[in-house]
Amino acid sequence: MFIIGKVLFTLIFIILVIMLLASCIKIVPQANSWIIEFLGKYHTTWEAGIHFKIPVLYRIAKKVSLKEQVADFEPQPVITKDNVTMMVDSVVFFSIFDPKSFAYGVERPIAAIENLSATTLRNIVGSMTLDETLTGRDEINGQITTILDEATDKYGIKVSRVEVKNIDPPKSIKEAMEKQMKAEREKREAILTAEGKKQSAITLAEGEKEAAILRADAVKEQRIREAQGEAEALLAVQRAKAEGIRLINEADPTDKFLTIRSFEAAEKMADGQATKLVVPSDIANLAGTLKALKDTVE
């Protein structure tokens, strides 16, 4: 009975020792760091991997995540340079690069970042007008990021960027801005309408001008062609007359023929309007004269 009790006690002791040793083996996950204290004083920082902790003497004071973290702060009342009060909230992206400074540098690091961010935001926006604040978010983000990054170095915190998430002006300012935007839209619409009418009138005038030029060119071309046609017709008539005279001369007309042509010429001179035709008594002499002229020409 005594032997059984002794064996049982030995087994319990071994199990307790194994459990104690197992509890002393610690594994730090990736992207984490643990702060170790020895008898209440900082001893070392464990990085990712397996470590052995002596019970009682060593204590895990703080477990620190090295991942990038996001702190979304509540909206803060801010007064601009032109005395407009509005609510502004921001988002801070940060990571821890020195776990020891983070653990011992400040009591409540996130609260410290929030208060520092709100104070910095008030200072920056307080030096800007409302319009500059609404259009200068990138400038505000850059200034806050620089100031917070420098101020949190002693806490072991790296501020990567700060974003102004929302800017909420008073209701009266919103209404005034909406009216201004509406007036600007109506102004642009009126300008575009006027430009469209102007361009339409210019295009119409240019079209009428080109049409008038084309009509004038067409009339000019028509008159030129008509004049050329008349000139060619007159020339053809004169050529025909000349050809007729030449043929008559070549045919050696008799006095009787010339007398008949004289009568025809006299009839044409009357033009069909005269009721009487007076024939000169020396019409035969006239024919003889024409014959003499013909002979002279030859």
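These legends go with close-up views of one predicted model.

**View 1. The whole chain, before zooming in.**
This predicted chain folds into 8 helices and 9 strands. Of its 298 residues, buried ones make up 23%. The chain exposes about 21400 Å², and carbon and sulfur atoms supply 60% of that area. Take the contacts with a sequence separation of 6 or more: 64% of them are between residues 24 or more positions apart.

**View 2. Helix α5 and its buried face.**
Helix α5 covers residues 137-151. Which residues of α5 are buried? They are Ile140, Asn141, Ile144, Thr145, Leu148 and Asp149. Looking down the axis of α5, you'd find the buried residues within an arc of 150 degrees, so they line one face of the helix. The cover over these buried residues of α5 includes β8 (85-96), α3 (109-126), α4 (130-135) and β9 (157-168).

The largest nonpolar core of the chain has 29 residues. Val92, Leu121 and Ile140 are the ones with the most contacts inside this core. Elements that give two or more residues to it are β8, α3, α5 and β9. Zoom in on Ile140 and, leaving out residues up to four places away in sequence, you'll see it touch Leu121, Ile124, Val125, Met128, Thr133 and Val164. Apart from this core lies another one, of 5 residues, with Val28, Trp34, Trp46 and Tyr58 among them.

**View 3. Thr133, tucked into helix α4.**
Thr133 is found in helix α4. Is Thr133 buried or exposed? Its relative accessible area is 0%, so Thr133 counts as buried, the cut-off for that label being under 20%. What does Thr133 touch? Not counting residues up to four places away in sequence, the list is Thr80, Met86, Val125, Met128, Ile140 and Ile167. Ile140, also on that list, is one of the residues with the most contacts inside the largest nonpolar core.

Asp89 sits in strand β8, so its pairing with Lys165 in β9 ties together parts that are 76 residues apart in sequence. Asp89 is buried, with a relative accessible area of 8%.

Arg225 forms a salt bridge with Glu221, the closest N and O atoms being 3.1 Å apart. Where do the two partners, Arg225 and Glu221, lie? Both are in helix α6 (residues 171-251), 4 residues apart, which is about one turn of the helix. Arg225 is exposed, with a relative accessible area of 55%, while Glu221 is partly exposed at 37%. Back at Lys165, salt bridges that share partners join Asp72, Asp89 and Lys165 into one network.

**View 4. Two loop residues with positive phi.**
Ala31 has a phi near 65 degrees, a positive value in a residue other than glycine. You'll find Ala31 in the loop between β1 (25-28) and β2 (32-38), and this residue is partly exposed, with a relative accessible area of 25%. Asn83 has a phi near 60 degrees, again positive in a residue other than glycine. The loop holding Asn83 runs between β7 (76-79) and β8. With a relative accessible area of 67%, Asn83 is exposed.

Note on methods. Residues are numbered from 1 along each chain as its sequence is written. This is a predicted model: local features need pLDDT of at least 70, side-chain atom pairs count only at pLDDT 80 or more; totals for chains, interfaces and linings use all residues. Side-chain values use heavy atoms; hydrogens and water are left out. The expected span of a helix is 1.5 Å times one less than its number of residues. Buried means under 20% relative accessible area, exposed over 50%, partly exposed in between (1.4 Å probe, protein chains only). The arc is that of the directions from the helix axis to the C-beta atoms. Contact means heavy atoms within 4.5 Å. Accessible areas come from the Shrake-Rupley method with a 1.4 Å probe; for residues, only the protein chains shown count as cover. A nonpolar core is a set of buried Ala, Val, Leu, Ile, Met, Phe, Trp, Tyr and Cys residues joined through side-chain atoms within 4.5 Å. A salt bridge is a side-chain nitrogen of Lys or Arg within 4 Å of a carboxyl oxygen of Asp or Glu.
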